[in-house]
Each structure stands twice: as C-alpha cells, then as structure tokens.
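Good morning, colleagues. Please take a moment to look at the chain on the screen, and I will then take you through a few of its features in turn.

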Amino acid sequence: MRTVSFRGWTWREIAQVPIVVGLGLVAEVAVRLVPLPRAARLFRVALADHTPPSSARPVLPGWAVSRWRVVQRVMRHWPGGGACLRQSLVAGSRLRRLHPTMRLGVARADGRIRAHAWLEVAGWSLDPSAGDYGVLPLGHA
C-alpha cells in the first residue's frame, strides 16, 4: 500500500481530508446504486445541458482553489481507479457555491472507448484533459 504524504499541505487542507474521504465514500455508493441524475442531485451538481463549453476562464476564489486541490489529491489515491465520476461529484459538492456543472464525454483510444467526467465552473473546464473527449449531450434529467 502506498503511503500518503502531507508534505506541502496547509493545516486547513489537511482538515478537509476527512470531509473529502467521507464524500468519496458516499459517491462510491451512489454511483453504484442510483441513476446518475439522482446522484448528481444528491451532491448538488448540475448535469451539463447541450450548451458548448466556454472558452473564457474564470478566476476561482482562493477557498475554491484550496478545496479543488484537496479533492484532486485525495481522489488521486482512490482505490479501484477510474475515479473521475466520483471526483466530479465530490468536487461539485465542495464547490457548490460556484454552481458547477458536470459533463460526461467519451473518446476512442487504442481501439477502446473511454468515458470521462469533469466539472465546469462558469462553462470552463477544471480538467485540462476534458478537450480530449467528445461531450455527451445529457440534458436535464
């Protein structure tokens, strides 16, 4: 098992870890037991509609940058891999004051279809790899 180092973390960020882990556990159960629209509502994350992503990049407030960083660091170590959906739900909950939306996309790589989930704030993706995926039009369910 890989150990997690808190080197470079602030005390405020370390204090957020139990919250993120708890939300991650709830997300793990939710994605397995309930339909995605219901899981998104549970985490107060809107599913993106058919509007294209924005090219304008918003400036995130300091508290949001800190929360996003903690979610990324914790979910990077999430067991089982493929944590993008869970990360999007958890981060969406932690950043809910910014009214994030979640997008789902697919891409073909090495003859396989890959799925990905990511968050957008003010129409701008928080995930730099989102541009590699074709967006699935989900609408509002």
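Predicted model: local features only at pLDDT ≥ 70, side-chain atom pairs only at ≥ 80, totals over all residues.

I begin with a contact between two helices. On one side, helix 1 contributes Glu13, Gln16, Val17, Val20 and Val21; on the other, helix 3 contributes Ser66, Arg67, Arg69, Val70, Val71, Arg73 and Val74.

How are the two helices arranged? Helix 1 covers residues 11-33 and helix 3 covers residues 62-75. Their axes lie 9 Å apart, and the packing angle is about 60°. An angle of 65 to 115 degrees would count as roughly perpendicular, and one under 35 degrees as roughly parallel; helix 1 and helix 3 are therefore described as oblique to each other. The crossing of helix 1 past helix 3 is right-handed.

Is Arg103 buried or exposed? Its relative accessibility is 3%, and the limit for a buried residue is under 20%, so Arg103 counts as buried. Which side chain does the side chain of Arg103 meet in a polar contact? The partner is the side chain of Glu120, at 2.7 Å. Arg103 may also be placed relative to Ala46: the two are 57 residues apart along the chain, and their C-alpha atoms are separated by 9.0 Å.

Finally, I would draw your attention to the backbone at two positions. His99 is not a glycine, yet its phi is positive, at about 55°. His99 sits in the loop between helix 4, residues 84-94, and strand 2. With a relative accessibility of 64%, His99 counts as exposed, because the threshold for that class is over 50%.

Asp110 is found in the loop that lies between strand 2 and strand 3, the latter being residues 112-121. The relative accessibility of Asp110 is 82%, and this residue therefore counts as exposed.

Conventions. Residues numbered from 1 in each chain as written. Heavy atoms only, no water. Buried < 20%, exposed > 50% of the residue type's maximum accessible area, 1.4 Å probe, protein only. Polar contact = N/O pair within 3.5 Å; in protein donor to acceptor, adjacent residues only side chain to side chain. Axes fitted to C-alpha atoms, helices over the stretch in contact; angles between N-to-C directions. Helix = DSSP H or I, 4+ residues; strand = E, 2+ residues; numbered from the N terminus. Parallel < 35°, antiparallel > 145°, perpendicular 65-115°, else oblique. Left-handed = near helix turned anticlockwise from the far one by under 90°. Contact = heavy atoms within 4.5 Å.
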